[in-house]
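Welcome! Let us walk through this structure together, one stop after another. Please keep the sequence and the 3D view at hand as you read.

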Amino acid sequence: MKYYLLFGPPGAGKGTQAKLMVEKHNYHHVSTGDLLRQEIAKGSELGKIAKQLIDNGNFVDDSIVVEMIKNEIANNPGVTGFLFDGFPRTVAQAEILDKMLAERGEKVETVISIIISDALVFERIQHRANIEGRKDDAQPEIIQNRINTYHAKTEPLIEYYTKQGKYHKIDGDGTIEAIFARIEELL
Ligand code: AP5
Ligand code: MG
């Protein structure tokens, strides 16, 4: 089983590129953000806990997202590969993932990192706010909090995966098609 990670700041285009990669390669796309929003929509206990955190642009506990990932892996045994989008997002999550996969005799294949500037993050998210109606897209302070959290908690993963020789950076500024071509070249 192959495990690919889509990495990058909020609004970098992880979800957009994941859709194209799934169409072409038939990977199983797992966005922890999408899964959490589904729980919120269902009004589940987990959704209630997550809502407050997500709406304010704060991370959900590592243990919650790890559990969701475990379930996705267990419930989809026949897929060609997994494409994780927005997970792992902390070094602790990456360490748990490595351990979890090692127990199965598996590992992360490649980290595809889509990088854009903070200014472009704002532009993209403010554009999306009018289309998707995500609450965490609606206010500049919340967008800024997500950017700050990314720099503080998620960026350390760049070093983590660089040390493993798995980190591949892609310039995320350009058309959707151009970015997809860059990813395809890498894969
Ligand atoms: P999540 O849903 O993962 O949000 P995010 O990381 O902030 O990223 P986005 O989904 O906002 O952006 P994206 O990179 O997918 O960009 P998109 O393709 O939509 O997480 C939400 C929250 O859930 C977190 O804040 C946290 O609270 C919680 N959470 C999730 N995972 C967690 C974890 N592992 N641990 C703890 N908490 C977790 O593109 C953005 C916009 O730009 C779209 O409108 C798109 O059409 C447009 N666009 C894309 N590409 C281009 C392009 N090349 N040119 C022009 N426009 C483009
Ligand atoms: Mg997304």
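Predicted model: local features only at pLDDT ≥ 70, side-chain atom pairs only at ≥ 80, totals over all residues.

**A guided walk through the model**

Gln17 is buried, with a relative accessible area of 3%. Gln17 sits in helix 1. Leaving aside residues up to four places away in sequence, Gln17 touches Ile114, Ile176, Ile179, Phe180 and Ile183.

Stay on helix 1 for a moment and find Lys24, which also lies in this helix. Is Lys24 buried or exposed? Lys24 counts as exposed because its relative accessible area is 53%, and the cut-off for that word is over 50%. With residues up to four places away in sequence again left out, Lys24 touches Phe180 and Glu184. The side chains of Lys24 and Glu184 make a polar contact of 3.1 Å. For a sense of distance, look from Lys24 across to Arg146: these residues are 122 residues apart along the chain, and their C-alpha atoms are separated by 30 Å.

Asn26 is exposed, with a relative accessible area of 56%. Its phi angle is near 65°, a positive value in a residue other than glycine.

Now turn to ligand 1. There are 30 residues around ligand 1, and those that come nearest are Thr16, Asn58, Arg89, Arg128 and Arg146. By class, this shell is made up of 11 nonpolar, 12 polar and 7 charged residues. Which helices each supply at least two residues of the shell? They are helix 1 (14-25), helix 2 (32-42), helix 6 (118-132) and helix 9 (176-186). Helix 2 gives the most, with 4 residues.

A polar backbone atom of Asn58 is 2.6 Å from an oxygen atom of ligand 1. Gly13 also has a backbone N or O atom placed 3.0 Å from an oxygen atom of the ligand. With Arg124, a polar side-chain atom lies 3.5 Å from a nitrogen atom of ligand 1. How much of the ligand does the protein bury? Ligand 1 taken alone exposes 1,000 Å², and the protein buries 89% of that.

The next stop is the salt bridges. Side chains of opposite charge can pair when their charged atoms come close. In this model the count comes to 12 salt bridges. One of the residues that come nearest to ligand 1, Arg146, forms a salt bridge with Asp137, and the closest N and O atoms are 2.8 Å apart. Both Asp137 and Arg146 are buried. You can follow this pair into a network of salt bridges that links Arg128, Arg134, Asp136, Asp137 and Arg146.

Back in helix 2, look for Lys42 and Glu39, which lie 3 residues apart, about one turn of the helix. Their side chains meet in a salt bridge, with 3.2 Å from N to O. Another salt bridge joins Glu106 and Arg104, whose closest N and O atoms are 2.9 Å apart. Arg104 is partly exposed, with a relative accessible area of 47%.

In helix 6 you will find Glu123, which is exposed, with a relative accessible area of 56%. Glu123 and Gly11 are 112 residues apart in sequence, and 8.8 Å separates them in space, C-alpha to C-alpha. The other detail concerns the backbone: the peptide bond from Phe87 to Pro88 is cis, with omega near -10°. Pro88 has its place in the loop between strand 3 (81-85) and helix 5 (91-103).

Note on methods
Residues numbered from 1 in each chain as written. Chains lettered and ligands numbered in written order. Heavy atoms only, no water. Near = heavy atom within 4 Å. Polar contact = N/O pair within 3.5 Å; in protein donor to acceptor, adjacent residues only side chain to side chain. Areas by Shrake-Rupley, 256 points an atom, 1.4 Å probe, with all protein chains shown as cover. Nonpolar A, V, L, I, M, F, W, Y, C, P; charged D, E, K, R; others polar. Salt bridge = Lys/Arg side-chain N within 4 Å of Asp/Glu carboxyl O. Buried < 20%, exposed > 50% of the residue type's maximum accessible area, 1.4 Å probe, protein only. Contact = heavy atoms within 4.5 Å.
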